[in-house]
Amino acid sequence: MDLSFTPEELAFRDECRKFFREEFPEAIRRKVLDGQHLSKDEIVTAHRVLNAKGWATPHWPVEWGGKTWSAVQYYFYQDEMQQAGVPSPLAFNTSMVGPVIAQFASEDIKKRFLPATANLDIWWCQGFSEPGAGSDLASLRTKAEKRGNTWVINGQKTWTTLAQHADWIFVLCRTDATAKKQEGISFILADMKTPGITRRPIQTIDGGHEVNEIFFDEVVVPEENLVGEVNKGWDYAKFLLGNERTGIARVGFSKARLKKIRELAALERVGEQRVIDDPKFIEKLTSTEIRLKALEMTQLRVVANDRGRGGRPDPASSILKLEGSVIQQLTTELLMDVVGPYVMPFAESDEGSGRNEMGWGPEYAAQSAPAYFNNRKVSIYGGSNEIQRNIIAKAILGF
Amino acid sequence: MDFDLSDDQRLLKDSVDRLIADRYAFDSRKKIMAEPGGWSRDMWAQFAELGLLGLPFPEAQGGFGGGPVETMLVMEAIGRGLVLEPFLPTVILGGGLIQAAGSPEQQKTLLPQIAQGKKTYAFAQVERSSRYNLADVQTTAKQDGGSWIINGEKSVVMAGDTADTLIVTARTAGGRFDRGGIGLFLVNAKAQGVTIQGYPTQDGAHAAEIRFDNARAEAVLGDPAGGLAAAELVMDQAMAAICAEAVGLMHEMHVSTVDYMKTRKQFGRAISEFQVLQHRSVDMFVALEQARSMSIFATFAASETDPATRSRNISAAKVQINNSGKHIGQECVQLHGGIAMTMEYKAGHYFKRMTMLEQLFGDTNTHQAKVAKAGSLF
């Protein structure tokens, strides 16, 4: 047992740190660290800077631009990226549809989509959830019917994040209504410009327009757009959701946010006292830091164990999302504690609030309440924390 | 970075685990508790035979040459078995203080006696209102010819009723809270002027109130006015050790709760089928894994060279251990229901030991305040 890293691992960490902090566009990092929303152009630019270095798709197969990094290297890559305020490569492309195509699709589909997906020449969005299929995703009803050499899609998806920027959508569709619910689902790719696809934005409680509803009305796509085999879509969806084992804890991101909170709490005053000198505040900040330190250690245990497990996830990995999401939420509470009364002004805009356009209170005030409201989502999406508990109960505790 | 055990460590873990499994069943423990002082001399001899009592000492002094990871493994097993023998007071505190502050001659003489199971120790440090401040010492030591005369009172001295030798913090100079002027004195428990009132503690162990009326010390460990740094180092090591013991307790509480849920039937089915109870036991699991992570963190922090970093990191670990321990302990009792309220069932005893460990060497508030004062953990 040894908590130190090898000189090679530390050199890799330093390489990541140097790249993310010195070579990556500073203005984008600043916005992320300040909790502001990025524009489409900024997200694309950030993604392409990473891809140009070969760092947008490190976990893809090597032949499609992946790296042969160890779990420790991958950990440092994510941790340094998050701490520096570098936005992760677009998850829909690199963590979701990319790996599914690389693993299950035909050579033609791979050639057609993977390079463009890696470079964000195509922006993907995720058509999974439906109004009646949230935690119980397998009960989805959007259906695809085979007509000649096409699939015809009818139905509705929801919570489709950043679909307003998307060129393509990957859709889970029911292709066999008679089979068991998990066994009649297929994974289909559709161009967002296909006639019959319409989008309705949903405004979330933070004021932002991050998510959308997507309607499919007699949407015709070529048959080769079905990935892998028909009725195997549920397996691919599980593969996709299981792809991300450690990054989901977002430890590096929470570290950066706590650092920011410390800085702001030393500036912000209540009467003659700095917020950071308030014993109740510092107690809450400290207890969140301790919890995050424990999670960082847990994440390292998972990373270290990854080597000997041949791809099977460590049982401890299942707690990363549970704890990580709650800690992220706690940091947004702390930020509101720092800001005080200036959490109140509400700025509504199409890009979502985040910049202090109105100029009331300090610059950093405007994004505090929206961040708090927005972050309630992190314990809901990607399998709600209650679903995570069900998984642990079954897979680890044997209930 | 590597969380795997070496072959030697695995061997050590296996042999300790086997000893606990074979000899420390819940019923055997009850019998041990009834022995004088609440622990078994026979078991102590077996610990010595296995090399456990010299575990952290150098091989030249009859030890095993083990580091913090070895201590962690043994302490975790001690937690799982609810072991009553005074390993912590004798080996970790007593032996630790002799190693940290004693002269080479003292180490050469005293450490092998511990390793062979011939002598037990207690660290007489707490005073009536000192709580967890090692520098708050009102007990005095005055030089008298070639030796030191101790006067004062010590509170809740763990295993103080059966220890052969007491290591007493006493002031040779300075005011009540001064960091300088504190020495570590070896006092024979049977010396004239030493009054020991022993009593059982909530967790089945023993402690004592000890009064020193002109008691003559046998020796002093190191500088009679500069013992605090060594005491703080050893206290941090002991804290890392009890973090591991607590993980052993939490592990047992969690496992026994899950097992119980699968066998206990109500409303015609195992209560493990109820989702509300499943989720509560999952939250215990999360708390356990977070505690295990911080126990490992504390284990490595104990050998940190900068005292401020060491102390901050150990305090952070203690906060997590206390929070996880309280949660798991209370939920263990709640999910077991009435049976865990009884003395005849083991679950309540784990809960009781865990609750005592929460305040031992500093409660949550104390350590949280220490971390807050030290600044960011990152």
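A search of the whole structure, a predicted model, finds 27 aromatic pairs over all chains; rings of Phe, Tyr and Trp (its six-membered ring) pair if their centres lie within 6.5 Å, with planes under 30 degrees apart counted as stacked, over 60 as edge-to-face and the rest as tilted. The rings of Phe128(A) and Phe170(A) are edge-to-face, because their planes stand at 90° with the centres 5.8 Å apart. This pair links distant parts of the chain, 42 residues apart: Phe128(A) lies in the loop between strand 1 (124–127) and strand 2 (143–147) of chain A, and Phe170(A) in strand 4 (residues 168–174) of chain A. Helices (H or I, at least four residues) and strands (E, at least two) are DSSP runs, numbered from the N terminus. Both Phe128(A) and Phe170(A) are buried, where buried denotes under 20% relative accessible area, exposed over 50%, and partly exposed in between (1.4 Å probe, protein chains only). Phe128(A) and Phe170(A) also belong to one aromatic cluster, together with Phe104(A), Phe113(A), Trp124(A), Trp168(A), Phe187(A), Tyr236(A) and Phe239(A).

Residues are numbered from 1 along each chain as its sequence is written, while chains are lettered from A and ligands numbered from 1 in the order in which they are written. Local features need pLDDT of at least 70 and side-chain atom pairs count only at pLDDT 80 or more, whereas totals for chains, interfaces and linings use all residues; side-chain values use heavy atoms, with hydrogens and water left out.

Lys53(A) lies over the face of Trp55(A), 4.7 Å from the ring centre. The charged end of Arg250(A) is positioned over the ring of Phe253(A), at 4.3 Å from its centre.

Chain A comprises twelve helices and nine strands. The C-alpha trace of chain A spans about 75 × 50 × 45 Å along its principal axes, and 54% of the 399 residues count as buried. Among contacts (heavy atoms within 4.5 Å) in chain A between residues at least 6 apart in sequence, 72% join residues at least 24 apart.

Strand 7 (residues 211–222) of chain A pairs in the antiparallel sense with strand 3 (residues 150–157) of chain A over seven bridges, pairing being assigned if DSSP finds at least two bridges between two strands. Within this arrangement, Thr150(A) stands opposite Pro222(A). Strand 7 of chain A also pairs in the antiparallel sense with strand 6 (residues 197–202) of chain A, over six bridges, and Glu213(A) is the bridge partner of Arg200(A).

In chain B, helix 9 (residues 307–336) has 30 residues and reaches 42 Å from its first C-alpha to its last, close to the 44 Å expected at 1.5 Å a residue; the expected span is 1.5 Å times one less than the number of residues. Helix 9 of chain B is mostly covered, with 22 of its 30 residues buried.

Arg131(B) is found in the loop between strand 1 (121–124) and strand 2 (140–144) of chain B and is exposed, with 57% relative accessibility. Val156(B) is placed in strand 3 (residues 147–158) of chain B and is partly exposed at 48%.

How values were computed. Lys NZ or Arg CZ within 6 Å of the ring centre and 35° of its normal.
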